[in-house]
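Below is a short note to read next to the model.

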Amino acid sequence: MSFAISRRQFIAGSAALIGASRLKPAWAKAAPVALPIPTLVDGTNSEPVDMKIQTGEWSFKPGVKTQTLGFSQNYLGPTIRTRQNSELNLHYQNNLNEPVAVHGHGLHVPGDVDGGPQLEMAPGDRWQPSLSIVQPAATCWYHSHTHGKTGDQVYRGLAGMIIIDDELSDSIALPRQYGVDDLPVIIQDRTFDAQGRLVYSLNDAGEDGWFGETVVINGAISPVARVPAGKVRLRLLNGANARFYIVTFTDNRTFHKIASDGGLLAAPVPMTTMEMSPGERCEIVVDLTDGGTAELLTLFEDEFDEGEEGIISGMLSNFALSGKPVPQPSLSLITDASLPAHTEPLPEKLATIIRPKESEIQRTRDFILDMEDGEGGSHGNHGDHALMDMTINGAAMDMSVINEKVNRGVWERWRIRSNQGAHPFHVHGCSFLIEQMEGAAVSPDQSGWKDMVVLDDDDWSEIVVRFDYPANEQFPYMYHCHILEHEDRGMMGQFTVT
Ligand code: C2O
Ligand code: CU
Ligand code: CU
């Protein structure tokens, strides 16, 4: 049983196995912890933002200390808030005794400040990129992009959020009080051993990447946030190494998705369940005007069969009826009437999204992702996925090879599919528009600017994309699968923009 998940089948197989691990563990019965809110750092005035890459100690579980990594903090990093037309200066200092590269995921910046694997800092080194922020408001993030070590370093904590504002996002009626009614929600999963240490091994990761057993939100297990009795905006980031989540609420309430990876949608989209791939961001607004509590669920997509969508989109009672363990909320929002509430109705219109005309699209490129048993297969050792060949268009990532050369400022159509399994595909240096996903017409909630697209092994996913910034051979951009174990095993390519 080692075939990769075809999401079309919403895979099965592991429900019983993984289900058991989701039974409420004893330590979870302790008093709930408050949602950690990463420090907000002003990145609008070109004052350098200090980013010390350091080791730390962090309590995921009350009273248990875990060795972690972070940026100027013990686990994860500060939220950097910048805005359109400002200079963001970052001062990285690598205090680890291993090399680190840090990428700004979703940022429209040239290759020489993009932070791909070519921009690695040796132990003790600094890197001080100066970023001109030109793109519109969006929720982006930064994370380790170290060659062959991305999965391990992100897992230990090297990730954080970037918020970009602009005049439009300032002027429309949306909650925007950071940490009050505008919350960063970094969703990850982690496995701990008996001593509370993080368990991770690229070599032991399965074909579908490394799945942690326990969901952590900003590094906390099932935390609680006190929020005003009004509209609350959640900036959801799927920061997991490999897990696709199904996001929903225990009471099946309707929420509105207002933004995707690259910024605001054309209009709010009402939803009750939403899938998120690794690397993806979704901003949603939850209405708590009536008070009470909203409980967010982040279900593991790999635990559900296709026929079980009814369970997911239903109430918790459906879990009881189905015999599946009742999932624990990943985050509880509890209203506090004393906090200042945003109660204005959601705007009917958000951003204006202009798609290119067909006549503007100058060229088409195809990308086929593949994973095959390499040496490991010939030894009959199916467990050794480290020896699988992970490729794009037949080639594994090679730092000395430029796989594609793209012309700056022209629209292209990229068609992507895989020969095996589902993959979240990411492209540096741009936002793109999805034309079709897994062979199907794109839904309204995926019709905005994106830098992640999911593809499967039957049908093409298609995007239209234009690169406006240069990336030379020394500092090329990357495209890759955002299952970090696939990326680390070679499912990545490099391209220049000239
Ligand atoms: Cu979020 Cu090249 O990565
Ligand atoms: Cu990126
Ligand atoms: Cu993949």
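Is H426 buried or exposed? H426 counts as buried, at 0% relative accessibility; buried means under 20% relative accessible area, exposed over 50%, and partly exposed in between, with a 1.4 Å probe and protein chains only.

The model is predicted: local features need pLDDT of at least 70, side-chain atom pairs count only at pLDDT 80 or more, and totals for chains, interfaces and linings use all residues. Residues are numbered from 1 along each chain as its sequence is written, chains are lettered from A and ligands numbered from 1 in the order in which they are written, and side-chain values use heavy atoms, with hydrogens and water left out.

1. Copper ion, ligand 2. The NE2 atoms of H103 and H426 coordinate this ion at 1.9 Å. Donors are N, O and S atoms within 2.8 Å of the metal (3.2 Å for Na, K and Ca); water is not among the atoms, so a site may look incomplete. H103 sits in strand β6 (residues 102–105) and H426 in strand β26 (residues 423–427), so the pair links distant parts of the chain, 323 residues apart. Strands here are DSSP runs of E of at least two residues, and helices are runs of H or I of at least four, numbered from the N terminus. Like H426, which is buried, H103 is buried, with a relative accessible area of 1%.

2. C481 and H486 are both buried.

3. The structure holds 4 cavities of 30 Å³ or more. A cavity is a set of points, on a 1 Å grid over the protein atoms alone, where a 1.4 Å probe fits but cannot get out; lining residues have an atom within 4 Å of a point. Grid points are joined across faces, edges and corners, and a volume is the space filled by probe spheres set on the points. The second largest cavity has about 60 Å³ of space. By class the lining has 10 nonpolar, 2 polar and 1 charged residues. Ala, Val, Leu, Ile, Met, Phe, Trp, Tyr, Cys and Pro count as nonpolar, Asp, Glu, Lys and Arg as charged, and the others, Gly among them, as polar.

4. The five-stranded sheet. An open sheet of 5 strands runs in the order β13-β21-β20-β15-β18, with mixed pairing. Two strands pair if DSSP finds at least two bridges between them. The edge strands, β13 and β18 (273–276), each pair on one side only. From one strand to the next the twist averages 20°, with axes as lines fitted to C-alpha atoms (for helices over the stretch in contact) and angles running from 0 to 180 degrees between N-to-C directions. Within the sheet, β15 (residues 245–249) and β20 (residues 293–300) run antiparallel and are joined by 5 bridges. V247 stands opposite T298 in β20.

5. Strand β19. Of the 7 residues in β19 (residues 281–287), 6 are buried. Strand β14 (residues 231–238) runs antiparallel to β19, with 7 bridges, and L234 stands opposite I284. Strand β16 (residues 255–260) also pairs with β19 in the antiparallel sense, over 3 bridges; here K257 stands opposite I284.

6. Loop residues to check. Most residues other than glycine have a negative phi. S46, in the loop between β1 (40–42) and β2 (49–61), has a positive phi near 60° and is partly exposed at 36% relative accessibility. S222, in the loop between β12 (214–217) and β13 (224–227), has a positive phi of about 45° and is buried, with a relative accessible area of 18%. N252 lies in the loop between β15 and β16 and counts as buried at 19%. N252 and E295 are 43 residues apart in sequence and 9.5 Å apart in space, C-alpha to C-alpha.

Conventions: 1 Å grid on protein atoms, 1.4 Å probe; cavity = no way out; pocket = protein on both sides within 12 Å on 5 of 7 lines; lining within 4 Å.
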